Amino acid sequence: MVLMKPICAVLFLLLSGCLPKTSLPVLLPESSVATEVSLQDNRGEWAPASQELSGLFQETFAAFGEASAAPKARLTFELSARYFSQLQGQHRWTVSGSVSLFLSSEDSAEPTASTPVELAVFLDYPHEGEEEALQAALPLLQREVQDLIQGATPTPPSSN
Amino acid sequence: MRACMFGLAAALLASPVAEAVDADVGGYMRVSTRPDFQGGDGKLGYWNLYGRLLNETPWVALDSRLNLLEATPGSGQSWAAIHARVEGGSILNADANGGALSQMRLSQLYLLSGSSTASPWEWQLGTLHHWTGDLGLYDMRPDSLFDRTVGGAVRYRSDRVNALLAVGDSGYGLDAERYNAVLTAGGRLRVRVTNRLEVGLGGEGRYEPASPGNVNAPYLTPDLDMESVLRGEVLENFLAENPDGELLFPDPVATDARSWVATGYLGFGDIGPLNWNSTYVRAERLHPEAQTTETYNGTSTTLYLTELTDERTMWMLGNEMNLTLWPQALDAVWGVVLGRHTDGDNAVAPSDHAREYASTVLRLQAYLRPDVHVLFENSFAVETSTNGNAYRNSVGSIFQSQDGIQDDRGLEFGDADTRQTWQGKAGIVLNPLGPGVYVRPSIRLLYGVQVSSQHAAWGSSFIDSQNQYDDFYSDEDLLTDRHIHQVVALEAEAWF
């Protein structure tokens, strides 16, 4: 009985180690990733995101590339956030717009790939607004970007 | 009013415009299995005062927004949308109601409209239920207004100021079976003073005018006393004093009825480990009850209760503090709820309108990995009946009341006026979207234990009448007090 507690703790840690890992894969190994975020307000006007939000996007999506490589890939986010309603203690917002991937190092008007997004995000407090909604959308945008990059880049040959 | 809203929604959806309608659907679900081997219904305790976790039932909500007129941002075009919410607490095989649609309700339906997307003004027509935020640990909304009102409102939304002015009718909301118009008006103002400080005030007044001749309007039956009403002996006593005097029973007298709600909100945060603190206060004078029916010796009479139930008041304070104790490793949420309900008309019997309560809940969530968390929750609550005993501390206490003295005519119940409840909960949480106490979806495996001063303080199937004891208790040793309750739960919860 004395050993039960440590045995349970060890078993738990072992089991949790069996769960799938969640770290982002490096999908663009020969390039670093630069991000641009612009937001549309309710008057329809576009403006660059705040420095804090831009920094957060850059930090998040840089993980798809190699930090030490030359910048070749660019991700642009054109997004807006709109309040939906209160739902069981959370404030539902809808983040919509588009995400575009540019794989050329030169400025190009045409993206390599682009995808529209419409994501539901949930905020804890009534004072939180568009910026917080876009921050809350980051985990979902990661998935969208991962799909976008994988669709736009050739699949590496299988090792088998 | 609700019929009009249904009609409007149906007409708009059936019109040719409906083909172009853009819709967005959100929602919420929680479902769980909590096999209970202690005769309970799967809930750890009686209610959310001990924290909502393990004390709540399944719930599902679908909230839709139909954009009837969608404006291009910056175009100056007007816009209109319909919000409709259907929700309820029954899921097949998860509760006693078997997922019946009769357990679901159309809890919100309103038309929202504005002159342009750039304008801060909006118009709302339909249900008006409005609240600033929730106490997430308790699933309570202390500052909710217009819970029972249908009407119209004008709203102002800007970065710093949110305001609402509303007027409507709460007649169906207060008593759907005996509708009488209850004029309701009020509003709310919330101001963000700085990015770290918000304050809000709100209020609602209700007035139900006298309407002689309308049987559903407020009346009072003269010379009623609370004790006789509670015992159901008003007619019996009257006939004892007036043999063969059924026709002499006093006629009701028309009167009016009033009630009100006042709320306050203080939010501040982004100070050290404190992410945000929300404080809500609520004071309310409850709307009087309308009537009840008594039958004696085959004669029935209606007693009109407005005067006997018009001094019920309550106040409540709720606070919830969200803390990051160790970034990306340990978060905490600490909640406190205090409340007092008084009934100036009733000094003789315990009730929900004569009680005090205090509760605190602390939840800690540690992140083993971004998607694997460990949850601990601890709660303690004290509930006191201010009109005498209301709780049974022992399995045998149903046979005594009023300080242990047998009193078959007593209005009290049990042998204690105070209930103390402690709950501890712990478990594993899987959150695919990463850290955060309220981040969902969540899959939870939880264990909970409750220790209460009350015997069998959870929804249970234990017998509680003397004539069943011989049938269900063959061995006297089985007559044991049950102060500890344990459950294990597998739950899923998501917003979408």
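User: What is the order of the five strands in the open sheet of chain A, and what makes two strands a pair?

Analyst: The order is 2-1-3-4-5, and the pairing is mixed. Two strands pair if DSSP finds at least two bridges between them. Strands (E, at least two residues) and helices (H or I, at least four) are DSSP runs numbered from the N terminus. This is a predicted model, in which local features need pLDDT of at least 70 and side-chain atom pairs count only at pLDDT 80 or more, while totals for chains, interfaces and linings use all residues. Residues are numbered from 1 along each chain as its sequence is written, chains are lettered from A and ligands numbered from 1 in the order in which they are written.

User: Why are strand 2 and strand 5 of chain A said to stand at the edges?

Analyst: Strand 2 (46-48) and strand 5 (113-123) of chain A each have a single partner strand, so one side of each has no neighbour in the sheet. From one strand to the next, the twist averages 30°. Angles here run from 0 to 180 degrees between N-to-C directions, with axes fitted to C-alpha atoms, for helices over the stretch in contact.

User: How do you know that strand 1 and strand 3 of chain A are joined?

Analyst: Eight bridges link strand 1 (residues 32-40) with strand 3 (residues 71-87) of chain A, and the two run parallel. One place to look is A:Glu36, whose bridge partner in strand 3 of chain A is A:Thr76.

User: What makes helix 2 of chain A a helix that packs on the sheet?

Analyst: Helix 2 (residues 51-61) touches strand 1, strand 2 and strand 3 of chain A, and its direction makes about 145° with that of strand 1. A contact means two C-beta atoms, placed from the backbone, within 7 Å. Helix 4 (residues 138-152) of chain A lies across strand 3, strand 4 (90-102) and strand 5, running at about 165° to strand 5 of chain A.

User: Which residues of the largest nonpolar core touch the most other members, and what makes a set of residues a core?

Analyst: A nonpolar core is a set of buried Ala, Val, Leu, Ile, Met, Phe, Trp, Tyr and Cys residues joined through C-beta atoms within 7 Å. The largest one has 34 residues, and A:Leu75, A:Val95, A:Val121, A:Ala133, A:Ala137 and A:Val145 touch the most other members. Its largest share, seven residues, comes from strand 3 of chain A. Beyond its neighbours within four places in sequence, A:Val145 is in contact with A:Phe61, A:Phe64, A:Leu75 and A:Val99. A second, separate core has 13 residues, including B:Leu49 and B:Val333.

User: Why does B:Leu54 count as buried?

Analyst: A residue is buried if 20 or more other C-beta atoms, placed from the backbone, lie within 10 Å of its own, exposed if 12 or fewer, and partly exposed in between. B:Leu54 has 26 within 10 Å, so the residue is buried. It also has phi near 70°, a positive value in a residue other than glycine, and is found in the loop between strand 1 and strand 2 of chain B. B:Phe146 counts as buried too, because it has 28 C-beta neighbours inside 10 Å. Its phi is positive as well, about 55°, and its place is the loop between strand 5 and strand 6 of chain B.

User: How do you know which residues of chain B touching chain A are nonpolar, polar or charged?

Analyst: Ala, Val, Leu, Ile, Met, Phe, Trp, Tyr, Cys and Pro count as nonpolar, Asp, Glu, Lys and Arg as charged, and the others, Gly among them, as polar. The contact takes 32 residues from chain B and 23 from chain A. On that side of chain B, 12 are nonpolar, 11 polar and nine charged.

User: What does pLDDT say about chain B?

Analyst: pLDDT is the predictor's confidence in each residue, from 0 to 100. The mean for chain B is 90, and 90% of its residues reach 70 or more. Over residues 11-19 of chain B, pLDDT stays under 50, and the model has four contacts there beyond four places in sequence. For the complex, the predictor gives an ipTM of 0.86 and a pTM of 0.88.
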